[in-house]
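This briefing sets out the core, the sheet, the surface and the charged pairs of one protein model. Please consult it alongside the sequence and the structure.

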Amino acid sequence: MTAWHGGGAALLPALLRALVSVLAVWAASALTMVLLALVLPDFRLQSPDGDSFTRVGVTAALGAAAFGLLHALVWPWLVRALLLVPALALGLLVFLLNGSLLWLALSAVPDGRGDATPETAVVVAAAMSLSSSATSTFLAVRDPRAQARRLRRMAGWRLPRTAPVTRTSRPGTVFLQLDGIGCEVLCEAISGECPTMPTLAALCGDTHRLTPWRTDWSSQTGASQLAILHGSNEDVPAFRWYEKETGEVIVSNRPSAAAELQRRAAARAGGPGLLACDGASRGNLFTGGAGQAALVLSVAARRGREQRSRAGYFAYFSDPAHAGRTALAFAAELVREVGQSLRARLRRERPRVSRGGLYPFIRAFATVVQRDVVTAAVVGDVLTGRTVVYADLVAYDEVAHHSGPRGRDTRQVLSRLDRCVEVILQAIAYAPRPYHLVLLSDHGQSHGETFRAAYGQSLQELVRLGCGRPVAGQPGPESGAEARGAARAALHRPEEPPLPPPPAGDGPAAPVVLASGNLGLISFPDLPGRASRETIERRYPGLLRRLAEHPGIGFLLVRGERHGPIVLGAGGAEHRLGTGEVVGADPLAPFGPGAAAAVARVAGFPHAADIMVNSSVDPATGAVHAFEDQIGSHGGLGGEQTRAFLMSPVTLSAPTPDGSELAGAEAVHGVLRRWLGEAAPQPGPVRPTDAPAPATP
C-alpha cells in the first residue's frame, strides 16, 4: 500500500503538468480562432444575429476541442496515404487536409455558429497549428519531459511510436557535415566575444578539438563524400566529367549518376560503407551502406520502405505545424534573398553574379526545407538510439556560391546552422544512449570573380577559339550544386537531360568543355582513350600554349608520350610528375606543398580529361576564377577550398596521433571508421527515455 501511494504521489505532478499543457494549448487555439474571426470576413464564430463575447469564446473552445480531437484520431491515419506524393507537394497538401479537418470541426459546433469558406479554413487551421506548436515549445522550456515530447514531435513521431528505441550504454555517433564551410571560415565564426556560431564555439572550447584536413584536387562534395562514406573516390576527377566509352557526362548531383558512383566505390573499396552497422544517411549524395536512408540522392528513385529517399519529408511535413513554419520561413527567405540581391546591385558590389531565375527558390529550399527536414530526421535517429548517423546540411554551400564565402548573407546562414547543432545536442541529452557528435566539412570555398567576368570570355569560348571554331551563340557552362539536385528529387522531377553526343560529320568533333568550380575539363570525343600532348598539338596547334599562357589559368595537366603526366604552366614551364623534374618556374608552387601529389593521383584516373585546367590563384588573397557562374567556388586547387575541418570529441583518439597533416577524403574515412570502433560498451544503468542526461561529446 505504501509503495502504491508513493508511486501515485510521484505520478500526480506529471499528470498535473500534462493537464496544464493540454489546457494551455487548447486555450491558445481557441484564442487564435477568436482573433482570426475578428479580422477575417469569411470566418465567423457566431450566429447571423450576433452573440455575446462569452458565447463566441465557448464556440471557439468547442471548435478548438473538435479540431484537436480530429487531429489526434484521424490525422495519423490520413497522412499515411500520402507517402507517394512528391515531397514538397506533400507540404502543400497538408495545408488543404488540415483546413478540411477544421471545416469538419466547425460543422460539429452546435447551432451552426462556426462557419468558414474552404480557403479561409486553410488559413485558420495553419494559424491554429502554429499557435499550438508555439505554446507547446514555450511550456517545454521549463519541463524536461515536455522538451523530450517536443523533440519527438519535431522528428515526426506520433503516438503510438512507430520506431523501436535502442537502449544501451554503448555510445552512438552522429557525423554532421556542414557543407562547404572551410576551416578558416569556421575559426572566424567561433572566435570573438560574440561568435556567429556560439554552440560550436562552446564545443571547441570545452569538449572538442578542431583539426584541419586537406581535400583532394577535386574539392567538391561528390568526391569528398563518396570517399568519406564508402572509402574510395578513385576515378572521380571532378563534379562533372565526360566518359568517352559511353559518350555520357557524369554529373554527381543526378540520382542515376550518384547511384552509379556509389556502386563503383563500393566495388573498389571491397567492403561495407561507413554506415553499414545500424546506420542512417540523411540529406547526402550517397547512402554509406546505411540500412535507413532519407533525402539521399543515390536512392532517390527507389521505392523500398527503408530506403525511400523522400521518407524524411513525409515524417516532417505530416505535422501541420511543421508545414506552416516551413512555409513562412520559405517565404521569408525568398524575400530576404531578393532584398540582399537588390542591395548588392545598388551598392555595385564586386564580384557579383546573377541571382535571378530559380536561384531564390533553390536557396530557400537549401536554407529552410532541407535544413529543417534533415535536422528533424537526425533528432529522430538520436531519440531512437540509432548506432551511427551521417547527415549533410547544404545551406552555407549554396548561399556562398552566389554571395561569397564571407559576408552578411553567409553569416546569417552560419548562425542558423549553429542553431541546428544546438537542437541535435538537446536531442542527445534525451537519447536512450550516449552519443559522440562529430562535426566536419567536405571542402571549403574560395572567393573571386568568375573567369568570364575577369577576362570577357568563358573557358569554352577560349577553347573553341584555340580549336579554330566559332564561339557565337555558345551556351554557358552548366552550373549548380547539391541543393539543385536535392530539390529536383524532392519534387520528384525527372533528371536534367544529359549532354547530347557530338554531331557526326566530316571534320573533327567539337571538344567537350565542362566546369567544376575553378577546375575545367576538356575532352576530344573523336580521339580514342586519353589523348596525348603530342596528339593534341598535331590536331590543334597552339591550343595548349594559348591555354597555358592565359593569365586566368594556373596550370594544365596533360599526358606526354615520353614523360607521362605533365603539368604545363606559362613561359614553357613544366612539372613532370613521374620524375618530379621541373623545367622553369614550378607551375604548382602557388598551390601549396600537397598540390603535386594531388594532381599526380588524378593523372592516373581512367576518366581524367584529355586536358585538365586549373584556374590561377592570387597568392596574397587566395582568390580564384570559377569557370562556372559562382563567386564562391570549389572543385579545384587554390585558396581556402581545399582546407576543410574536422571537429571531434577529445574523448576520441586524435585524427592523426603523430600530428601530421590529414590529407585526402579517403584518409578521413579511415579516421571516422576508427572512431566507430572506439565506441566500446560502457557499464552503467539504463536511463528512462524521457530523463535528461549529460551528452557524451
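At 14% relative accessibility, E461 counts as buried, where buried means under 20% relative accessible area, exposed over 50% and partly exposed in between, with a 1.4 Å probe and protein chains only. E461 meets R452 in a salt bridge, 3.6 Å from N to O; such a bridge is a side-chain nitrogen of Lys or Arg within 4 Å of a carboxyl oxygen of Asp or Glu. R452, at 38% relative accessibility, counts as partly exposed.

The model is predicted: local features need pLDDT of at least 70, side-chain atom pairs count only at pLDDT 80 or more, and totals for chains, interfaces and linings use all residues. Residues are numbered from 1 along each chain as its sequence is written, and side-chain values use heavy atoms, with hydrogens and water left out.

**Salt bridges**

- By the salt-bridge rule, the count comes to 32.
- R350 pairs with E449, and their closest N and O atoms are 3.1 Å apart. R350 lies in the loop between α12 (320–346) and α13 (359–383) and E449 in the loop between β11 (446–447) and α16 (451–455), so this pair ties together parts that are 99 residues apart in sequence. Helices (H or I, at least four residues) and strands (E, at least two) are DSSP runs, numbered from the N terminus.
- R350 is exposed at 53% relative accessibility, whereas E449 is partly exposed at 27%.
- R539 forms a salt bridge with D526, with 3.2 Å between the closest N and O atoms. R539 belongs to helix α19 (residues 533–539) and D526 to the loop between β13 (519–523) and α19, so the pair connects parts that are 13 residues apart in sequence.
- Both partners are partly exposed: R539 has a relative accessible area of 28%, and D526 one of 33%.
- A network of salt bridges links E333, R336, E337, R343, R355, R363, D409 and R416.

**Nonpolar cores**

- The largest nonpolar core has 56 residues, and those with the most contacts inside it are F175, W217, Y390, V599, L646 and L672. A nonpolar core is a set of buried Ala, Val, Leu, Ile, Met, Phe, Trp, Tyr and Cys residues joined through side-chain atoms within 4.5 Å.
- Helix α22 (residues 665–678) supplies the largest share of this core, six residues.
- A second, separate core of 51 residues includes M197, V379, V382 and L383.
- V599 touches W217, F555, L557, V567, L577, L588 and L637, residues up to four places away in sequence not being counted; contact means heavy atoms within 4.5 Å.

**Sheet**

- Eight strands form an open sheet in the order β8-β7-β9-β3-β10-β20-β4-β21, with mixed pairing; two strands pair if DSSP finds at least two bridges between them.
- β8 (292–294) and β21 (662–663) stand at the edges, each with a single partner strand, so one side of each has no neighbour in the sheet.
- Strands β10 (residues 435–440) and β20 (residues 643–649) run antiparallel and are joined by two bridges. L440 stands opposite L646 in β20.

**A buried loop residue**

- H607 lies in the loop between α21 (595–603) and β18 (611–615) and counts as buried at 13% relative accessibility.
- H607 and P237 are 370 residues apart in sequence, yet 7.1 Å apart in space, C-alpha to C-alpha.
- Excluding residues up to four places away in sequence, H607 touches D235, P237, W241, E243, E245 and R264.
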